[in-house]
Amino acid sequence: MMRLPAHWRSKQYWWDTGQAYLYLLPAMLVLGVFVFYPFFNAFNLSFHKVYLVKRVGDQLIPFYMEYVGLNNFTRLFHDSIFIKAIKQTSIYVGVSVPVTIGLALILATFLNEGLKLRPFYRLAYFMPYITPVVAISLVWQWIYNWKFGLLNYLLGFFGVDLINWLNDKHYALPAVIIMNVWRFVGYQSIILLAGMQGIDKMYYDAAKVDGASGFQAWRKITVPLLTPQIFFVFIISLIGSFKIFEEVFILFSGTPGPLNSAMTMVYYIFDQGFNKFHFGRAAAASVVLFAIIFALTLFQMTVTQRRVHYER
Amino acid sequence: MLRRYGFIMVMAVAVFGALAWAEVTIDFWHAMSKRHGPVLETLVQEFMEENPGITVNLVYQGGYGSLSQKLIGAVAAGEPPTIAQQYENWTTQWLDALVPLEDYLAPEVLADLHPRFREMNMFNGQLLTVPFNKSIIVLYYRPDLVPEPPTTWEEFLQMACALTVDEDGDGVPERYGTGLRPPNPEIFLTFLAQNEGSILSEDWSEVTINDERGLETMEFMADLAKCALVQGGYLSDPFGQGLIAMFVDTSAGYPYNLAAAQQGGFQMRVAKVPCHKNCSSMVQGTNLGVFSMNQTPEQIEAAVKLVEFLLRPENTVYWAKETGYLPVTVSGFESDEWQDFIAENPERAAMTEQFLEGGFGQLHHPAYWDIRSVIITYYEQVLLGESDPQTALDNLAAEIEALISE
């Protein structure tokens with residue numbers, strides 16, 4: 001007879017374990033229904049063609065799924081708009097993530113330098129993050145107005161010709177990037193600021209004794225000791241940026257920008273699923289998006305882990 | 001003893017009475033917001049007063065986008081509402097779940113549906129929906145700049161270019177003759193129909209959009225684009241800002257365009273779209289469909305009753321007058337009430353005339369939304385000068401070909 005581990009025989013053990021699972025149950029239920037089930041079902045859907053309702057014999061079957069193998073995926077990679085969506089999403093992520101973090105780092109540094117009215121600035125920079133994206137996008141639609149917009153007006157002082165931000169295929173994606181850098185830079189700088197304030201003052205004192213300049217101290221002490229926060233912000237914004245959708249949808253009045261120039265992957269998924277009723281294809285596209293984000297996150301984890309310094 | 005029997009009698013009458021009043025409840029999903037919602041509520045209230053046994057649950061589902069998503073969810077779950085507003089390209093996704101209305105509606109009601117609308121609501125030879133909030137594409141113009149609206153393509157083009165002014169000569173006009181919105185290919189489809197062209201042949205077996213008629217139309221659009229503000233956003237904004245003198249848009253946009261004109265401090269008028277070989281114009285807006293899926297016969301009967309109620313001449317006219325949409329029945333159009341109304345409201349007269357003369361609807365092909373989407377892609381390329389009409393149409397035809405053979 002197999003021997004059971006000793007603690008299995010303890011009543012207390014089962015009581016504690018049962019209790020723990022009971023506490024976990026509500027969260028597991030919510031996550032299960034709204035996260036895990038849809039997540040796994042998306043994989044299943046991506047191999048099917050879906051009919052909202054289909055008559056089979058004399059029976060009406062809602063949500064009829066027909067197995068089509070890899071058809072949805074091959075169709076996707078033959079769709080130039082999907083390829084364009086991947087390309088543009090990558091450009092968006094590649095530009096907006098580093099720019100936002102760079103600016104946030106600079107901003108946080110200034111905020112950390114005993115600035116007067118710090119609470120005010122902190123609030124001011126945090127405002128865009130807590131404002132609904134719909135409201136932001138509608139306001140920016142006006143800021144970007146090529147004839148009467150604020151941005152072109154300001155650029156006019158520097159002799160820049162009117163830029164048709166929202167209707168020129170060259171400027172549509174940059175317009176989305178600028179808006180979102182503005183939107184997230186405050187949030188990220190607050191996180192980085194918190195990190196900076198947690199760095200022990202003794203390092204700076206020691207640096208001062210050794211005659212390091214302010215910039216040297218920043219480069220050699222602040223930034224390295226801030227890597228956990230930078231890494232966190234990096235991952236979060238990378239994942240978030242890949243999922244960009246609402247900004248595009250509202251900024252371009254329910255279109256993916258002129259000549260699809262602001263078509264992103266999630267916009268594509270939305271369009272396939274909810275405008276065109278291709279649920280299988282939409283699911284396949286979301287599986288591809290998942291694969292990209294997953295691979296990038298794994299890559300980041302392994303590469304950056306070596307460069308992240310934890311103080312303790 | 002007698003008293004006891006009396007009590008039982010009273011009870012029996014009460015029970016039978018309640019049965020005769022058998023409560024039927026139906027859900028009616030719609031997307032009519034605060035501008036039109038109250039009008040619909042008034043009509044439904046009146047219907048319920050007339051039919052005390054029927055309770056209609058009017059459910060506002062948000063905009064058309066949310067209505068579509070909620071209907072998708074409901075149909076997929078096998079539990080749609082009894083009656084709902086829907087666009088043709090949604091209807092084609094759940095044809096089997098709808099009641100064929102010809103079997104249910106009274107013959108005089110069927111005969112009264114305007115024939116143009118009737119045709120637009122036929123799917124595979126069956127009447128599956130009835131027109132509800134219907135609008136049509138018309139021409140909006142500023143009388144201070146356009147004393148007489150253009151009536152032909154040639155006049156339209158000529159006037160649009162004459163009205164395009166670039167006084168400071170910086171290459172960016174201060175005002176354009178007209179405006180074109182690529183995400184709104186219904187304008188192109190209107191002109192295509194005016195040139196007797198079509199997307200597909202009658203039997204859907206062949207793509208005809210790149211034939212001679214299609215090419216002529218696309219060339220006209222390319223010419224027009226040279227004197228047009230081409231932008232993705234709604235045209236009411238630049239119109240209000242004085243950037244465009246006239247533009248073609250749906251009649252449902254009337255209140256927005258009028259508000260923009262008032263803000264800009266000028267007058268706005270409505271005319272028919274300039275014509276070519278005919279005066280066709282595309283009809284937009286949703287229809288009402290009654291679901292058979294997961295409904296009791298009583299619910300279906302109640303919904304059909306409601307449809308018949310809404311189609312009565314006095315009701316379709318009331319609806320049209322209050323909302324700005326079109327009446328949908330012959331008797332509605334011909335009623336004295338409507339005739340008197342349009343005599344006093346020239347813009348509504350123009351919309352009515354436009355519909356009666358050339359209203360046509362969406363293609364009912366199940367892949368229509370994909371087709372429309374590729375039309376937008378190439379239409380936009382032509383309007384922005386990225387592609388010439390011939391190349392664009394040939395590429396477009398190839399893509400449509402692939403879509404319909406899928």
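Predicted model: local features only at pLDDT ≥ 70, side-chain atom pairs only at ≥ 80, totals over all residues.
## Chain B overall

Chain B holds 18 helices and twelve strands. Its C-alpha trace spans about 105 × 50 × 35 Å along the principal axes. Of the 406 residues in chain B, 48% are buried.

Taking contacts in chain B between residues at least 6 apart in sequence, 72% join residues at least 24 apart.

## Domains of chain B

The domain assignment divides chain B into domain 1 (23–135 + 284–345) and domain 2 (143–267 + 367–404). The C-alpha centres of domain 1 and domain 2 of chain B are 31 Å apart.

Six residues from domain 1 of chain B and eight residues from domain 2 of chain B take part in the contact between them. On the domain 1 side of this contact in chain B, the residues comprise six polar, no nonpolar and no charged.

## Domains of chain A

In chain A, the domain assignment gives domain 1 as 6–67 and domain 2 as 72–305. Taken over C-alpha atoms, the centres of domain 1 and domain 2 of chain A are separated by 34 Å. Their contact draws eight residues from domain 1 of chain A and eight residues from domain 2 of chain A.

On the side of domain 1 of chain A that touches domain 2 of chain A, the elements giving two or more residues are α1 (11–45) and β1 (48–56) of chain A. The largest share of that side, four residues, is supplied by β1(A). By class, this side of domain 1 of chain A has five nonpolar residues, two polar and one charged.

## Contact between the chains

The contact between the chains involves 27 residues of chain B and 23 residues of chain A. On the chain B side, α3 (64–76) and α17 (368–383) each supply at least two residues.

By class, the side of chain B that touches chain A has 13 nonpolar residues, ten polar and four charged. Within chain B, by comparison, the side of domain 1 that touches domain 2 has six polar residues, with no nonpolar and no charged ones.

Notes:
Residues numbered from 1 in each chain as written. Chains lettered and ligands numbered in written order. Contact = placed C-beta atoms within 7 Å. Nonpolar A, V, L, I, M, F, W, Y, C, P; charged D, E, K, R; others polar. Domains from an automatic or database assignment. Buried ≥ 20, exposed ≤ 12 C-beta atoms within 10 Å, placed from the backbone.
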